Amino acid sequence: MKRFLTVLLAAIMVLALAACGSDSGDSKGSAAEGKNSSAKKTIRGGIGLNDSHPQYLGLLKFKEIVEEKTNGDITVETYHSGQLGDDRTMTEALQLGSQEVTIPSTAPLANFVPEFNVFDFPFLFPSEEVADKVLDGEVGQKFLDKLESQNLVGLAYWENGFRDVTNSKHAIATAADFKGLKLRTMENDLHLEAFRALGANPTPMAFTELFTAMQQKTVDGQENPLATIYLQKYYEVQSHVSNTHHVYSPFVFLMSKSFFDGLTEDQQKIVRDAAVEAGVYQRQLNREANEKYLADLQEAGITYTEITPEAREEMVKLVQPAIDKYTEKIGKETVQEVFDAIEAVSK
Ligand code: TK8
């Protein structure tokens, strides 16, 4: 009898402790608390670029706004340089609910929602201003809405930027200069097809492996916007850069849908508005330093080659079959909607 009472008492104590524990303490991204929960929440935000890149400075701005607007009910932990993994891994972590925010380029994101390939059509956007108007408008929102089926919420578009090619072999002035170059591309079949069409020998690779691959000469070159080329110190392992501007690359500010759904309506508005406001700040930071990045790259010993309009026109023609193929894959109507939106804001 005595033993029975002891076990019963222990069981009651365990239940009492469990009941106390569930009302307090941070829930790291748990949606289990439900909308009306008073529990404090933590957002783990991870990116691949390093802590000097405008993308990270934008994430810090997001943190500042969210923590201030929620009076600390939501805290944001920020991770850079692939500390939480590469773009694909972090996006999968959002789907699983083990991370709350990441901000990949549309190219890797197209592995989750293929329609995003349209934003990686070579030479699609003529300028940053046109890109902003299309992405921040009705058409851009339609693509963000497609993310919900993947347990992802797209809160805003940020800017990776116009991508330029670097390599350690020779100057790239025309398409002929791509011949045989081993170029790392993002993990995206459209990018692979486009660079094959230009005559290169492309290989897909996670961003987190790129610097080592160039250092070890596993690849001859890569392509990224100037901010990444300079701030990730590619001048240490590359000798040439050309302003191919072959793709304007958007970032998408992603949040785990299970986490987002667990926020109160006020908190949902705060994180959405914060992602948009921090995005405007990030885009501005990304653009205003481009000229300085190019000058600093040349200062660091990189040879810069300007692509002439004629050379670029030839590249446009060479990649057209890849665009045609992906127009079929994505759907002519969806693609045409983007083309029409670009034309409408370019007038
Ligand atoms: C950083 C990447 C990078 C992208 C790439 O995580 O992979 O080259 O341009 O910005 O998303």
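**Close-up views of a predicted model**

**View 1. The loop that holds Thr 244.** Thr 244 is placed in the loop that joins strand E9 (240–242) to strand E10 (248–256); helices (H or I, at least four residues) and strands (E, at least two) are DSSP runs, numbered from the N terminus. The model is predicted, so that local features need pLDDT of at least 70 and side-chain atom pairs count only at pLDDT 80 or more, while totals for chains, interfaces and linings use all residues. Residues are numbered from 1 along each chain as its sequence is written, and side-chain values use heavy atoms, with hydrogens and water left out. Thr 244 counts as buried because its relative accessibility is 1% (buried means under 20% relative accessible area, exposed over 50%, partly exposed in between, with a 1.4 Å probe and protein chains only). Phe 162 is 82 residues away from Thr 244 in sequence, yet their C-alpha atoms are 8.5 Å apart.

**View 2. The shell around the ligand.** The ligand is surrounded by Gly 48, Leu 49, Asp 87, Ser 105, Asn 160, Arg 163, Arg 184, Met 186, Phe 207, Asn 224 and Phe 251, where a residue is near a molecule if one of its heavy atoms lies within 4 Å of it. This shell comprises four nonpolar, four polar and three charged residues (Ala, Val, Leu, Ile, Met, Phe, Trp, Tyr, Cys and Pro count as nonpolar, Asp, Glu, Lys and Arg as charged, and the others, Gly among them, as polar).

**View 3. Distances from side chains to ligand oxygen atoms.** A polar side-chain atom of Arg 184 lies 2.7 Å from an oxygen atom of the ligand. For the side chain of Asn 160, the distance from an N or O atom to a ligand oxygen atom is 2.9 Å; for a polar side-chain atom of Ser 105 it is 3.2 Å. The protein buries 98% of the 310 Å² that the ligand exposes when taken alone (Shrake-Rupley method, 1.4 Å probe).

**View 4. Arg 184 in its strand.** Arg 184 belongs to strand E6 (residues 182–185). With a relative accessibility of 3%, Arg 184 counts as buried. Its C-alpha atom is separated by 8.7 Å from that of Ala 213, 29 residues apart along the chain.

**View 5. Two residues with positive phi.** Phe 123, a residue other than glycine, has a positive phi near 60°. Phe 123 lies in the loop between helix H4 (106–109) and helix H5 (128–135) and, at 22% relative accessibility, counts as partly exposed. Lys 233, also not a glycine, has a positive phi of about 60°. The loop between helix H9 (226–231) and E9 contains Lys 233, which counts as partly exposed at 40% relative accessibility.

How values were computed:
Polar contact = N/O pair within 3.5 Å; in protein donor to acceptor, adjacent residues only side chain to side chain.
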